[in-house]
Amino acid sequence: MTTTEAPATRKLAYVSAINEALAQLMRSDPNIFIAGEDVGLYGSVFGVTRGLMKEFGENRVVDTPIAESGIMGLGLGAAATGLRPVIDIMFMDFIGVCMDEVVNQIAKMKYMFGGKATLPITIHTMAGGGMAMAAQHSQSLEAWFCHVPGLKVVMPSGPYEAKGLMIAAVRDDNPVIVVNTKTLLGMQAEVPEDMYEIPLGKAHVVRPGSNFTIIATGRMVGESLKAAEELAADGLDVEVIDPRTLQPFDTETCVASVRKTHRALIAHEAVRFGGIGAEIAAQIQEEAFDFLDMPVGRVGAPFAPVPFSPVLEKQYIPDAARVVAEVRRLLGRA
Amino acid sequence: MDISNDTLLDLHHRMVRIRLFEEEAGKLQESGKVPGALHLYVGEEAVAAGVMSHLSAEDQITSTHRGHGHLVAKGGDLRKMYAELYGRSTGYCKGKGGSMHISDLDLGMLGANGIVGAGPPIAIGAAFSNKYRGTDRVTICFFGDGASNEGTFHEAANMAALFKLPVVFVCENNGFGEFTSQARHQAIKDVADRAAGYGMPGIITDGMDVLAVYEAAGEAIARARRGAGPSLLECKTYRFFDHVGVRGMGVVYREDAEVLEWRKRDPITLFESRLEEMGLLTTEAAAQVRERILFEIREAIAFAEASPFPAEGALMEDIYTVRGAAR
Amino acid sequence: MARGPIGIIANPASGKDIRRLVAHASVFDNQEKVNIIRRTVLGAVAAGCDEFLYLHDGHALVLNAIDGLDADATFTEVETPGTASALDSERAAARMREAGAAVIVTLGGDGTNRAVARGWEDAPLVAISTGTNNVFPRMVEGTVAGAAAGLVASGKLALADAARQCKLVRVEVEGERDDLALIDAVLLDEPFVGARAIWTTRVLRTMVLTRADPAAVGMSAVGGLLHTLTDADDGGLVVQVGPGGGTVVAPIAPGLFEPVPIAEVRSLAWGERVEVAGPGILALDGERERRLLRGQRAWLRVERSGPWVVDVARTMRLAACRGLFRFEAGGVDDAN
């Protein structure tokens with residue numbers, strides 16, 4: 001049975017946590033199937049579906065042609081007629097190919113049909129740079145989908161979150177986009193063996209603190225924890241919050257933290273301009289303007305495509321050092 | 001062709017019901033009572049009627065922006081349809097979809113759609129679902145000559161053939177993609193030619209002859225039901241009205257003579273004369289059918305006009321499914 | 001000898017009917033028809049013809065074929081009603097006759113050639129098969145078919161040497177205009193034209209055949225597997241379908257062998273009339289065409305008054321014998 005925030009028991013890699021979540025979900029519900037490019041025989045290019053075809057057969061772990069619109073529409077049609085599909089889009093960048101299915105069809109069918117449609121579809125995809133894969137295989141585009149009513153967006157920051165959010169996403173009766181991060185796939189952490197859900201729309205205070213709040217998504221949660229350690233030397237007691245779900249967004253938890261710490265910075269790997277950080281910053285100033293001791297800061301990628309050369313890519317992708325530097329700059333201590 | 005007298009009269013009834021629904025809808029829009037854009041199905045009735053006559057409510061269809069005819073033929077409730085066109089809370093979509101998204105999932109209609117070419121991927125999903133669950137249900141994907149240029153059609157056709165899905169792609173080739181004639185939007189004339197590229201049969205039938213459609217669709221559907229895979233049925237038809245709205249003559253993108261030529265092959269007139277020859281229908285009986293449907297329509301319009309607009313809170317409802325509220 | 005332009009009548013609708021669904025007929029896409037027309041034109045030009053008349057169909061097959069084609073020839077469209085139906089082919093054939101065409105090249109099936117014959121009954125034809133299961137037109141390479149047509153059109157060979165006149169079924173319908181079929185006329189117990197092609201045997205009643213070919217597919221095969229009759233033979237064959245005389249299993253459509261109960265098979269003398277009566281549909285050359293109302297009669301008879309069909313292989317052999325494609329050293333420029 002489902003337990004929420006079950007006790008951890010053993011260490012598991014991020015990739016294995018996703019894999020285990022999918023396997024357990026499929027065992028528990030015959031209406032769940034996975035479809036995507038190379039998810040079956042090959043086990044997905046990232047290994048997240050390894051072994052699933054062997055266990056569940058090719059009818060439930062479906063290798064598709066390279067045809068993102070077709071795959072996404074297949075998921076929609078199947079969801080609208082009673083199945084619970086998990087659609088794998090290999091790289092998040094490829095969602096560009098099927099934006100109509102995601103934005104105009106999946107997100108809107110329920111509303112357009114006056115509420116009649118129920119669309120329990122999960123879109124699983126991989127975001128983030130750091131692997132020298134350049135501009136079309138490295139983006140973090142989660143903000144696009146947070147802007148579209150009808151969609152939910154989750155962004156796991158570690159193995160525990162990867163499993164719990166995947167289970168919650170698949171069991172949710174709405175379209176949920178699960179944005180996993182490539183460079184985290186090898187990350188190890190304690191993960192319960194049982195199925196458990198991390199409730200959607202609920203942020204998690206990863207590190208409690210008293211005088212500075214960092215709200216970080218995905219990979220930047222780990223980077224922000226490192227930054228917090230370093231900033232402790234400056235006398236800062238940093239609270240790190242992982243929203244886990246970006247849409248619907250848990251404004252309450254973030255605002256409560258800022259009311260306590262009076263200072264906030266948002267860190268994400270996506271391009272800073274128009275990123276989810278802009279929305280979070282706006283919500284904080286709307287809800288806690290009088291509590292703020294300084295402008296809300298943001299760390300994100302520069303307004304450029306993700307470059308190929310590792311030297312350039314290192315300049316591009318935000319990390320703990322960048323968070324530390326930005327916090328110090330904001331506090332006038334740089 | 002095995003076809004009972006009852007089925008013949010039912011085909012006629014379905015076509016007339018579409019025609020009258022659309023003509024009245026056009027009038028309502030022109031008089032300003034119905035807001036937004038209407039893409040009317042007049043002229044193409046034989047396709048919807050001939051295909052839908054083989055389907056039950058369990059079989060699904062995906063439709064197009066020209067979707068009223070499909071829903072009427074699938075057994076749509078005219079009251080809920082007009083109420084939707086009026087933007088009322090009693091409409092099929094509670095006034096949130098309108099003409100372009102009119103649908104009834106309970107009748108297996110996965111939506112009219114405002115995006116050209118959106119239907120094929122959705123249709124293969126429904127077909128996948130039918131096959132996955134071991135049913136003999138079939139999904140019909142209606143699309144036009146214009147949509148056959150969208151990548152979505154090609155992706156879906158490929159996947160349907162690859163997975164041997166129980167889907168029939170019904171191309172309503174009315175000769176125009178919106179306001180652009182077929183000769184100006186694709187280098188081929190027969191969309192059915194494209195089927196071979198995906199490894200499925202593609203055939204052409206006269207879309208103005210409801211019996212030709214009925215016969216061909218029946219075979220394509222039977223083929224899909226017995227697990228033999230998808231096929232493409234191209235119905236050559238014509239849009240009597242404009243792409244949007246009622247006016248169909250005196251437009252820059254086609255000659256009036258062409259419209260008049262096609263109107264000579266009005267699918268309802270053609271079929272009525274056939275039924276009269278067979279002694280199944282008289283002029284009086286045909287008039288009675290019309291009168292009965294018009295009565296239903298007048299009542300449906302009155303229902304729509306008497307219905308309330310959506311309440312204020314409705315704006316933010318139906319965006320998400322609340323846990324536990326789903327089926 | 002006859003000199004005149006070559007007419008081209010290509011049917012864009014052939015090869016796409018319901019038999020792809022209910023049987024296993026091949027798909028003949030229009031791009032391939034365009035290619036065949038190109039090769040035909042080039043073959044004809046090589047054989048000495050530089051003038052063409054054509055039917056402009058809605059698919060613009062001929063215009064597409066000659067677009068950018070490196071051929072020194074003129075192409076003239078003949079006027080048609082533009083109905084995108086068989087009527088266009090029929091009218092085009094009549095116009096070509098008036099315009100003095102020496103020969104017509106058809107691309108289509110039995111139905112296409114029937115439409116042409118309705119417009120010009122004894123037309124000289126080079127019939128290239130692009131239909132479903134054809135008995136009348138042949139599967140022949142367009143290049144060579146074009147060359148054979150070119151030899152006739154340029155007057156290098158006499159039509160009588162290259163061609164032979166075919167039989168047809170004359171169809172008289174009570175109170176209505178006459179009709180014809182080139183291969184078969186069949187009464188069906190069926191109220192509707194529907195999807196046109198014949199693909200069930202249950203509705204078959206009376207067949208009159210000009211050819212009964214056991215190597216064919218379609219109605220001709222039903223007769224052919226009982227009693228062979230070639231186009232060269234005199235008269236026709238009548239098959240009454242029904243109980244009493246056993247069953248023949250015949251390919252009525254590509255890949256579709258079906259049992260057909262046979263009540264009677266008999267030869268039909270020249271001009272002898274077979275009476276059939278409605279209600280029903282008369283299928284002509286494999287397509288459900290004419291409705292007969294209850295009690296309405298029709299009479300079918302076989303005559304040798306059909307098109308003159310060019311035998312492409314024989315024509316090319318004749319051309320070889322006469323050295324029509326041979327030139328003295330340095331003389332190729334004089335070829336045309």
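Is the crossing of H9(A) and H10(A) right-handed or left-handed? The crossing of these two helices is right-handed, and point 2 gives the details.

1. Basis of the note. This is a predicted model, in which local features need pLDDT of at least 70, side-chain atom pairs count only at pLDDT 80 or more, and totals for chains, interfaces and linings use all residues. Residues are numbered from 1 along each chain as its sequence is written, while chains are lettered from A and ligands numbered from 1 in the order in which they are written.

2. A helix pair in chain A. Two packed helices are described by the angle between their axes and the distance between the axes. The axes of H9(A), residues 251-261, and H10(A), residues 276-288, come within 10 Å and cross at roughly 60°. H9(A) is therefore oblique to H10(A). Angles under 35 degrees count as roughly parallel, over 145 as roughly antiparallel, 65 to 115 as roughly perpendicular and the rest as oblique. Axes are lines fitted to C-alpha atoms, for helices over the stretch in contact, with angles from 0 to 180 degrees between N-to-C directions. Right-handed means that the near helix is turned clockwise from the far one by less than a right angle, left-handed that it is turned anticlockwise. Helices (H or I, at least four residues) and strands (E, at least two) are DSSP runs, numbered from the N terminus.

3. Residues between H9(A) and H10(A). From H9(A), A:Thr251, A:Cys254, A:Val255, A:Val258 and A:Arg259 meet A:Ile280, A:Gln283, A:Ile284, A:Glu287 and A:Ala288 of H10(A). Contact requires C-beta atoms, placed from the backbone, within 7 Å. By class, six of these residues are nonpolar, two polar and two charged. Ala, Val, Leu, Ile, Met, Phe, Trp, Tyr, Cys and Pro count as nonpolar, Asp, Glu, Lys and Arg as charged, and the others, Gly among them, as polar.

4. Chains A and B. Of the two pairs of chains in contact, A and B share the most contacts. Here 36 residues of chain A are in contact with 37 residues of chain B. On the side of chain A, helices H3 (68-80), H4 (99-106) and H5 (109-112) give two or more residues each; H3(A) gives the most, with ten residues. That side has 15 nonpolar, 16 polar and five charged residues.

5. Chains B and C. This contact takes 22 residues from chain B and 19 residues from chain C. Strand S6 (202-206) and helix H8 (210-225) of chain B each supply at least two residues, and the largest share on the chain B side, seven residues, comes from H8(B). Twelve residues of that side are nonpolar, three polar and seven charged. Chain A and chain C do not touch, and their nearest C-alpha atoms are 25 Å apart.

6. Chain B. There are eleven helices and seven strands. The radius of gyration is 19 Å, close to the 20 Å that the globule rule gives for 327 residues, so chain B is as compact as a globular protein of that length. The radius is taken over C-alpha atoms, and the rule is 2.2 Å times the number of residues to the power 0.38. Buried residues make up 58% of chain B; buried means 20 or more other C-beta atoms within 10 Å of the residue's own, exposed 12 or fewer, partly exposed in between, with C-beta atoms placed from the backbone.

7. Chain C. Nine helices and 18 strands are present. For 336 residues a compact globule would have a radius of gyration near 20 Å, and chain C agrees with 20 Å. The C-alpha atoms fill a box of roughly 70 × 40 × 35 Å along the principal axes. Of the 336 residues, 56% are buried.
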